[in-house]
Every structure is written in structure tokens, then in C-alpha cells.
Amino acid sequence: MLLSLGMLAFSGTASAEERDPAGAQAIFDQAMSLMKAGKYQEACPKLAESQRLDPGIGTQFHLATCLQAQGLLASAWAQFLEVESLASSSGQTTRERLASEKAAALEPKLGHIRIQVPGAARVEGMTIERDGMRVGDAQWDTDLPVDRGEHELLVKAEGYEPFKATVRVADGSITTFECPPLRKLSASGPSIAPSSLSGAAAKPVVAKGASVTPPLDGDTHGRSGGSKTLVWSLGILGVAGLGTGTALAVNAVSKNDASKKQCDTSNPNQCSAGGVDLRNDARHLGDIATVGFAVGGAALGGALILWLFDSGPSPEKAAFRPPTMTISGGLEASPGSGRLMIEGKF
């Protein structure tokens, strides 16, 4: 209970801090001047901001009037209805009557969208968005009031290619959009050409006086042969690294054994100059062999990981041919130094 009270207190403080009556009044005055000059496109956002800073029935009524003058009839209609409700609950009968009359006059002029989703097109988890706002399934097959102009529709579901369409709505008309069946994503990504979305199966049904323009959407995301080339390259480099490391390790052991023959058997640390040189060479070769093993192991591990993550069946994999790669290497060793050289050409 204490935690809940604390949260309520914090919420009330935050709401109070967001209110700015003085700023709201200044913006409201600017908006009214713009409306008198017929600049509704500039005035309406200012009225909306004034309403956010200091909500009031009067400001909301002027906002609805501005939206109506701008031609956004559905938005104005919704604002008038809200003003009617607020005025009724606060006993402002004059504003309630005016808002009710305004809303009633606008209602027959509204444009509507009817989103139809046939049973064959419905899949689990499907969502539809209109202009970035989700249209719940309870709103499907319902005439939804919207402002005139273009509206973006997005249909998506996990495991399917998203479908986008642009719907144009006119005042006083009903635009019907029929959702097409979504295409499943393949293992290699979408394989449908963009132009296929404009086929007969993808065309929404449109009411008289309205139009729908499906965009050329659906970019393909197929895999290229670049990842396969990298897998083969890493594999070849890994084999070359391990092979070179093994050869150097064998050579290092051989030199170390040879150095022991030039050392005192009772004290292995007392050796001739030749024995010391052989032992140093063996150590250098052992260090280079360690690097070869590390590089080879890392390359083979990377090739294996890339192959596993890119192992899905795809036309590119079936047609892919391993790249031709030539590996050449060399070892240069001298007393006190050593160098390993590996060169590859595609």
C-alpha cells in the first residue's frame, strides 16, 4: 500500500510538472491568429500542443474546428465527440449542443477504410498496421473513419514476408482493402520478385470512387556466394596452418634431439656452441609452429561456424563451386631467428 501511494504521488507530481498554463496560453493565442489568417496547417499543431500543456474543453473545441477547416474530417469528428462528452459531464450544455451538431454534420461526409481478411489469408500471430497504428482484429470488416488522402497499410506475421500497400481514401466513400495471403519465408530469404505483388491475387478490392496502389515491395534477400568463398578460404588456410605447424614442430623436435648430442650427458645445460645454436633454432621453430597451430585452428573453427550458420538449402549452395586457391609457403631459419611465409592466390 505504501509503495502504491508513493507511485501515485510521483505520478501526480510528474503530471503537474508537464502542465504549463502560461505556455499553453501563448501558443493558443498564436494559433488563433493563424486561424484568422486562414493558415490552418500551422494553427492546428499549435492548438494540439496547447491542449497537451493545459487541457481544456474550449481549446479542444477550437482544435476540432481547425481540423475541420484543414480538411481532416475524421479527426475533427472524433474531437467534437470528445468535447460533447466532456461538456455533458461538466454541465456545459451550450458547448455540448454545438459539439453534437458539428459531429452530426460531419458524419455523412467521412471517408472510411474497410479491412477485410478472408479466412484463407489469416495466419496465427498476424498483425495489421495503418499509418503505424495497430488495427486489432476486432476492427477488421468494419468501416473505420479516416481522414482523406493516402494511408499506409502493413500486414505481417512471424515466418512470413510482410505486405505493404498504399490506400487512397476520399471523403464520403468507403475503400475496401482485401488482405492477400502472406508468402512464407524460405530458408534462403524472400524469393518473390517485387513485381509479383501487383498480381491479381494481391490486388485489394476497392469501392467505387476510391483507389488502392500496392507498392513494389518485397526486396529479395538471397544469399550470395561470398560466404561460401570465405568458408572454403578459411578451411584451406586452416589446413595449411595446421600442416605447416606440424612440419615445424617435427623439425623443432629433430633439432632439439640433435642439440642433446652436443651437450654434456651429466649436465644438459652445458653444450657446445653448435648445440646451443641447435637448441635455439628448435625453440624458434617451436614458437612459429605454435602460431601455425593457432592460426590453423582458428581458421578451421571459423569455417565450421560459418558453414553451420549458412547450411540451409538454397539454389546458390547447389550451384556453388569451390574457389580455386593456390597456397605456397616457406620456412627460413637461421641461428637466433626464423620466419614462416604463407602466400595464397585465388
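Visitor: How many bridges join strand β1 to β4?
Guide: Four, with β1 (residues 111–116) and β4 running antiparallel. Strands here are DSSP runs of E with at least two residues, helices runs of H or I with at least four, both numbered from the N terminus.

Visitor: What kind of model is this?
Guide: It is a predicted model, where local features need pLDDT of at least 70 and side-chain atom pairs pLDDT 80 or more, while totals for chains, interfaces and linings use all residues. Residues are numbered from 1 along each chain as its sequence is written, and side-chain values use heavy atoms, leaving out hydrogens and water.

Visitor: Back to β4. Which residue there stands opposite I113?
Guide: L144 in β4.

Visitor: What is the strand order in that open sheet?
Guide: β4-β1-β7, three strands with mixed pairing; two strands pair if DSSP finds at least two bridges between them. The edges are β4 (143–146) and β7 (174–178), each pairing on one side only.

Visitor: New topic. How many aromatic pairs are there?
Guide: Two; Phe, Tyr or Trp (six-membered) rings pair with centres within 6.5 Å, and planes under 30 degrees apart are stacked, over 60 edge-to-face, the rest tilted.

Visitor: Why is F61 with F80 edge-to-face?
Guide: Because the ring centres of F61 and F80 are 5.5 Å apart and the planes stand at 70 degrees. F61 is in helix α4 (residues 57–70) and F80 in helix α5 (residues 73–89), so the pair ties together parts 19 residues apart in sequence.

Visitor: Is F61 buried or exposed?
Guide: Buried, at 16% relative accessible area; buried means under 20%, exposed over 50%, partly exposed in between (1.4 Å probe, protein chains only). F80 is buried at 0%.

Visitor: What share of the protein chain is buried?
Guide: 31% of its 346 residues. The chain has nine helices and ten strands.
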